[in-house]
Amino acid sequence: MSLQTFIENQLSVLKEILGTTVDITTEEYKFPEIIIIGDEKNGKSSLLENITKCRIFPQDRNFCTKRPIRFILKRDPICDSFSVKGTAGMEIFFTNEQDVYDYLSDVFREMNNNSVSNEEIVITHSGPNNY
């Protein structure tokens with residue numbers, strides 16, 4: 001089932017519940033976005049792991065996540081993979097969570113101890129169980 005079909009099915013159920021006078025289209029539907037902001041060592045990476053069900057976010061006793069991360073879920077009935085963009089504009093593809101975790105750990109480790117960057121890392125996870 002495509003994402004479009006899934007949304008249309010969910011909207012038809014919502015229309016039944018609310019009554020047929022409600023006019024909702026898939027063009028008006030916007031996916032939720034979550035922004036997580038907090039002090040160091042307050043569990044932001046753990047929260048992201050629990051929301052996404054992906055153990056890819058490095059955690060450390062010291063200051064660890066040093067760049068903003070945008071995480072995108074895409075439904076793909078065939079492929080289960082990750083793409084990571086952000087380091088010098090390159091896009092790298094991974095097939096498992098551990099490789100993404102190791103890559104992000106290396107990126108953050110290579111930065112100076114107390115430095116941070118505004119350069120965003122975009123991680124896209126495509127998989128059959130993403131809704």
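1. A salt bridge here is a side-chain nitrogen of Lys or Arg lying within 4 Å of a carboxyl oxygen of Asp or Glu, and glutamate 49 and arginine 55 form such a pair, with their closest N and O atoms 3.5 Å apart. The structure is a predicted model, in which local features need pLDDT of at least 70 and side-chain atom pairs count only at pLDDT 80 or more, while totals for chains, interfaces and linings use all residues. Residues are numbered from 1 along each chain as its sequence is written, and side-chain values use heavy atoms, with hydrogens and water left out.

2. Glutamate 49 is buried at 9% relative accessibility, whereas arginine 55 is exposed, its relative accessible area being 59%.

3. The count of salt bridges comes to four, and another of them joins glutamate 119 to arginine 67, with 3.4 Å between the closest N and O atoms. Because glutamate 119 lies in the loop between α3 (97-110) and β4 (121-127), and arginine 67 in the loop between α2 (44-52) and β1 (69-75), the pair ties together parts that are 52 residues apart in sequence. Helices (H or I, at least four residues) and strands (E, at least two) are DSSP runs, numbered from the N terminus. Arginine 67 is buried, with a relative accessible area of 8%, while glutamate 119 is partly exposed at 37%.

4. A further salt bridge pairs aspartate 106 with arginine 109, whose closest N and O atoms are 2.7 Å apart. Both residues belong to helix α3, where they are three residues apart and therefore separated by about one helical turn. Aspartate 106 is partly exposed, with a relative accessible area of 36%, and arginine 109 is exposed at 58%.

5. Turning to the aromatic side chains, rings of Phe, Tyr and Trp (its six-membered ring) pair if their centres lie within 6.5 Å, and planes under 30 degrees apart count as stacked, over 60 as edge-to-face and the rest as tilted. By this rule there are two aromatic pairs. One of them is formed by phenylalanine 94 and tyrosine 103, which are 5.6 Å apart from centre to centre, with 45° between the planes, and the pair is tilted. Phenylalanine 94 is buried, with a relative accessible area of 12%, and tyrosine 103 likewise counts as buried, at 17% relative accessibility.

Key
Buried < 20%, exposed > 50% of the residue type's maximum accessible area, 1.4 Å probe, protein only.
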